[in-house]
Every structure is written in C-alpha cells, then in structure tokens.
Amino acid sequence: MIETGDNGRLWLLSGRSSSYALHLTDRDELLHLHWGPRITAAAAEALAREPLPPHWPFESRLDGREEYPVEGGPRFVRPALSVRTGQERGTAWDFTGSEIAGDELRLGFTDPVNGLAIVLHHRMRDAFDIVERWTTASHQGAAGEVELLRADAATWTLPERDGWRLSQLHGRWAAESRLVRGDLTPGEKVLGSRRGHTGHQHLPWVALDAEGAATEESGEVYGCALAWSGSWRIVVQHLPDGRVQINGGAGYDDSGLVLLGPGEAYTSPVFAGLWSAQGFGGASREWHAWQLAHVVPRAAEPRPVLYNSWEATLFDISEEQQRTLAHRAADLGVELFVVDDGWFGARTHDAAGLGDWTPNPARFPDGLKPLADEVHGLGMRFGIWVEPEMVNPDSELYRAHPDWVQFQPGRERTEFRNQLVLNLARRDVRDHLWQRLDTLLSSAPVDYVKWDFNRCFTEAGWPGEPYPQRLWTEHVHAFYALLDRLRAAHPHVAFESCSGGGGRVDLGVLSRTDQVWASDNTDPLDRLAIQYGFSQLHPARVMAAWVTDSPNTQLNGRVSSLRFRFVSAMAGVLGVGGDLTRWSPAERAEARDWVALYKEIRPVVQLGAQYRLRAPEGGLSAVQYTRGDDSVVLVWLQAQHHGEPPPAVRLRGLDPAASYACRETGAVHSGAVLLHRGLVTGLRGDLDAQVFRLRKE
Ligand code: DGJ
C-alpha cells in the first residue's frame, strides 16, 4: 500500500508489518524518513516537519539522510550514483514527478545540465515486509554521451542507534556461505566480487542488528540482498555521526558501467531490503517466503530427488555406465537422473571440448536420446550438465572463433581450469549459444539443465569495441536473456545454477532458475555450516544437496554413516551423488528408505517455514520446518563428550496448547513442553542424526 502526504511530496509504503517513508524537501532533496514498524501517514508527516539537526562547517546537512546520494554538491558520503560527462563528474537533480503503479512508486529527477534522467523505483508488496528498490537512468539530451561510472540500485538508511552489528556470508570454493557477525566500526565495510560472477567469497547479502541485541528469534534486524550475478559491491558506511547507510549495485570498482548516448537507458538490478522485529530467524523466514512467492519460478512445485554421478565418475563416463547407474538410481526412488560433465565433444578431461555442445560420438554413438528414453522408461526425468559461457582452447569452437573470448591484444589469455570466458556481450556469440542450446534441448527429451560457470573474468577485453568495459554488465544481461529465452522455448525444462559449487547464488539468478548448487563440498558435516549460512537468505526449496560416498572422496576422506549423510542432505533438495555400483545391497536398501522418507517430508522441508534451532558449531545442531499441522525436525550430533546425553532441542512456532504426535517415537508431546523443555533426541556417539516428524493432533 502506498499513501502520499505533504501535498504530494511525501510517500509512505506499507507492507505486512512495516512501513517505509520518504520526503521531498522544498529544495527537491529526497530524504529518507522511516524504515521500521508500521506508522500512519500523519506520523510520517510529523517526521517530515522536523528540521534537520544543525551541522558543523565540515559536515554536510544531507549526509546519512538522503535516499539516493549522488556524487556532486554538498555530499561527502559514498555516492550511489557517479556520472562523468566529458571532463566533468557529478550531477544535481530537479524533481520531475512521481507515479504510483499498483504497489510500485516511481520518483523522477533530471539533471538540467547533462540531460540525464533517473527514476527511483520502490515496491513493497502488501503481504511482505520487503522493499524492492532499483534505479533507471536515461539520457534524454539531444547530443553527447554520459558515462555512468556507477549507478547503484539503492542506498538504505538505518535509524539512529548506539551501534550496529554486521552479519555477512563469506567463503571460498568448497566453503561457501559461512556466517560471521561483528561490530560495525566507523568507516566503510566493502563486500563484493570483481570476478565477473557473484563469487564464492561473499553472498550479496548483509544483515544489521542494533547494538548486537537481536537473537535468532527476537529483536530488530535489517537485511539487504542484491539480485545480480556479475561483479557487485555492497558498502556499509558507518558515518562520523554514527548514522549507517548501505549502498549496493552492479560492478565493483567505479570504473564505468555504461556509456549512454541520447535515448539510451540503464536499469540497475534490484537491491531488496527487509525490516523484521522477529530476529534473524524471522528475517530469514520473510526472505524465504518472499522468494517462493515472487522470485523463484514455479516455486510451489517441490523439486525432485536427483542422481548425479560427477563425484563418483568424474569425466570417466559412458552410455553403458550411465545406464547402469540410472537403473540403480531408479531402484532407490530417484526422480531425476543427471549426466554431468564429459558427455560432449572431446571432453574426456578438463582440457578439451568445452564449447562443443554435441554428444561425444565414442561415448554416446546415437546421441543422448537413447539414454534419455531409457531414463524416462525408468520413470525418472533426464538432465544434463552444460557450461555455455566457457570454452577450452582445445575445442572446435575456439579453433573456429578465437576472437569470441574476452581478451586483450598482446596480452596472455589467462586460463583457469584450462578454459577461457566467451564474450557474451557480442551478438554473434549470443546467437551461437542460443542456437546450440536450443538445438540441444530439442534433440533429446531433456527435462533439466545444470548450468555451470567455472572461472572468473581476467583479461576482460573486447578488441574493436569503443567502450569495452560494458561487457561486465552485458555478459550478465546476455546470460539472463539466454536463460529467459530457453525457458520460454522449453517451458518444461528446469535449470540449476552452479558455479564450481556456490559461485553464482543470488536473487538475480534465482529469478530464472529452479535451484542452485550450494557447494562442491558434499562432506555432510562441513555442509551443515554451509547450509546454515545459506538459509540466512535462501529457502531449502532451492538448495541442492547430495549424499555422496564415505570416506568422502572430494575433500577430506571423512567417514560418516549413510544416516548422517542423508539427514544432512535432506535439509535441502535431496540428491544422491555416490557411486551406486559400489554401494552394497544393504546400503541401497537403507538409501531407498531414506529417499522414501524424504519424499514424505519434502513439502514441509522445501515449502515450510524454517526455524534454525541450534547452530552447527555447538556440536548438536537442529533445524525445524513447519507447514500447517506438520513439523519436521532434523538433528545432527557431531560428537558426544564425556558420555553426556545431548541437550533437548527446543522447538519453535508450535501451539503451546496443542498436542503433537511424533511418528518416530510414537509419543504424544505437549506443545508447551516441546517449546519450553524441548525434544529429547537420543542421539549419541559421533556423527549421529535423526529425523522427527510431528503432527498437531
Ligand atoms: C563444477 C561443479 O560444481 C561440479 O558439480 C561439476 O559439475 C563439475 N563442475 C563438472 O566439471
């Protein structure tokens, strides 16, 4: 709901339980007024009437208060917008008008000197406490060029408090999305990626709680998340007077996003913001519900259990071997069989074939269709792996088009994993990829595509192009456009975003994919911390997780039970990735039972409200999912010490007056007891785990 006030110079957006207010002064300065619990338009007007506090000669009266601070004029904060026209930098804005279109507010401004116009977009949906913000900039002059060095999606302003704690998700390959929290000190905290993709190093998300006072289920939490899959930057500024602002947008350095000629425009990604009074858990549940309702395509459809042999076979695959695995997988109850890397071109190792998207004739003599048909005959869907944005120098594609990659003449073409990045900003490259992928999806009954991206940009050059740095953003737009076009042409195909694990997980890619691969680390213990961090922002419905072999083959040789591996992977979209030809009949029988159990709890896990009951670092960790009358509790014990039984796990979100029957124990528990005393799990020893199903009676 959007209300206006102060003769059309004040706007109040309200969602389920929060409000967000803006005010335009008589000098056309757009000031932030309020972000927090719901307030009335009258209360917002009263805030707007309060004069700005006095300021010292070395400070700006606007800093820390503007909705979208720009470079230029009396401002010293980090600007959201930085513009260069000829030799000059900076802009100044006249208000041109507001428009309300449903739940979206558009505020327009122009710079009378350079012909640039911007529109600030704010959308708040009635049922949610999330504000979606983005900015468009257009050149409305008759001549000349305007360079957007930086055009952030938004700047968020927090209320005054005695101090703030920052939560972030950091990592690296095989160790993504690990949560850290720390006091915000004066200055700027910069998170981002200058790699061309979202990156394993930081998820584009921050959360802030005042004075470090929020807990998992109580207190005020602000969160911001960027919907962008290229290089990005979020800057959390702790200003000299203690005020805090958060800028976020595409691109890392302010080195140029786009050069706008007359009539040309740039649209930033969305930077979404959330206020919650329900602690970190409440904030996460709000993010999850909003993504399932408004971001992830077809989110109401639960994702199937998949099998993928990558860890078991690596590149050593054949049609016959995949058939054998498909039969074993179907026998376990798997619903989607995926052929990973190695099915195409000369791709028998990672140094050849990338870019040649036709089946390897020695491995699949009649193409993929016979295997796909057999997989379908077994009652499963069929999926394949691709990495369309990349090429091995040893490939037919590169030999034919060595100029199709990003490169700088005279400089080395740096290879990572023996591959180079195609320049998707080029139309011929985009056309080629569309034609190849469309043909591929038409040539065999493919239901699922795992779309990988296994290296960062290095020499991001584009010889012959007058403004080569535009490839950084255009690559991402081209990737999005390809996905959108493929989804439209092949609507039954589901897509997974993968980037050597979780190197491309963000709200942008999630608006056009069905799930993401959170990490190449499938060790079930490490994975608990990765999943804990992932759940801060994203729901279980999009988080693929596999049960692989023990000892763990990829990383650490850790030995763990099938039980522990399954319960760990059941916290997301369950997959199986072990070498099923080496699993004993007893292991396969046990796995069949776990898959059947997962299918039963799947709607609750994937679509329910998630409560993080205990964090992984404590030895005993637990997550609860609740949907309607059903709750599922997953519990993991890392190691029991001194023979002491692990503590009871206190549940959340239940009705204290109701009774809950536990399928695993047959016991009927009082809701109040489960909330207050907790559930006694009976876990013992090392790496033990259990699933509890509870139904309200
Ligand atoms: C990286 C992915 O994360 C893996 O799951 C696998 O698909 C390999 N690439 C294949 O090259």
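Predicted model: local features only at pLDDT ≥ 70, side-chain atom pairs only at ≥ 80, totals over all residues.
Into which domains is the protein divided?

Figure 1. The protein is divided into domain 1 (2–294), domain 2 (306–517) and domain 3 (614–696). Between the C-alpha centres of domain 1 and domain 2 the distance is 35 Å. Where these two domains meet, 28 residues of domain 1 are in contact with 25 residues of domain 2.

**Figure 2. An open sheet of four strands.** The strand order is S6-S5-S11-S20, and the pairing is antiparallel. Strand S6 (88–89) and strand S20 (258–260) are the edge strands, each pairing on one side only.

**Figure 3. Pairing of strand S11 with S20.** S11 covers residues 146–151 and runs antiparallel to S20, to which three bridges join it. Leu148 has Val258 of S20 as its bridge partner.

**Figure 4. Packing of helix H11 against helix H12.** H11 spans residues 562–569 and H12 spans residues 585–607. The two helices pack at an angle of about 25 degrees, and their axes are 11 Å apart. Angles under 35 degrees count as roughly parallel, and H11 and H12 are therefore roughly parallel to each other. The crossing in which H11 passes H12 is right-handed.

**Figure 5. Residues in the contact of H11 with H12.** H11 contributes Leu562, Arg563, Phe566 and Val567. From H12 come Glu587, Glu590, Ala591, Trp594 and Val595. Sorted by class, the contact has six nonpolar and three charged residues, and no polar ones.

Methods. Residues numbered from 1 in each chain as written. Heavy atoms only, no water. Pairing = 2+ DSSP bridges. Axes fitted to C-alpha atoms, helices over the stretch in contact; angles between N-to-C directions. Parallel < 35°, antiparallel > 145°, perpendicular 65-115°, else oblique. Left-handed = near helix turned anticlockwise from the far one by under 90°. Contact = heavy atoms within 4.5 Å. Nonpolar A, V, L, I, M, F, W, Y, C, P; charged D, E, K, R; others polar. Domains from an automatic or database assignment.
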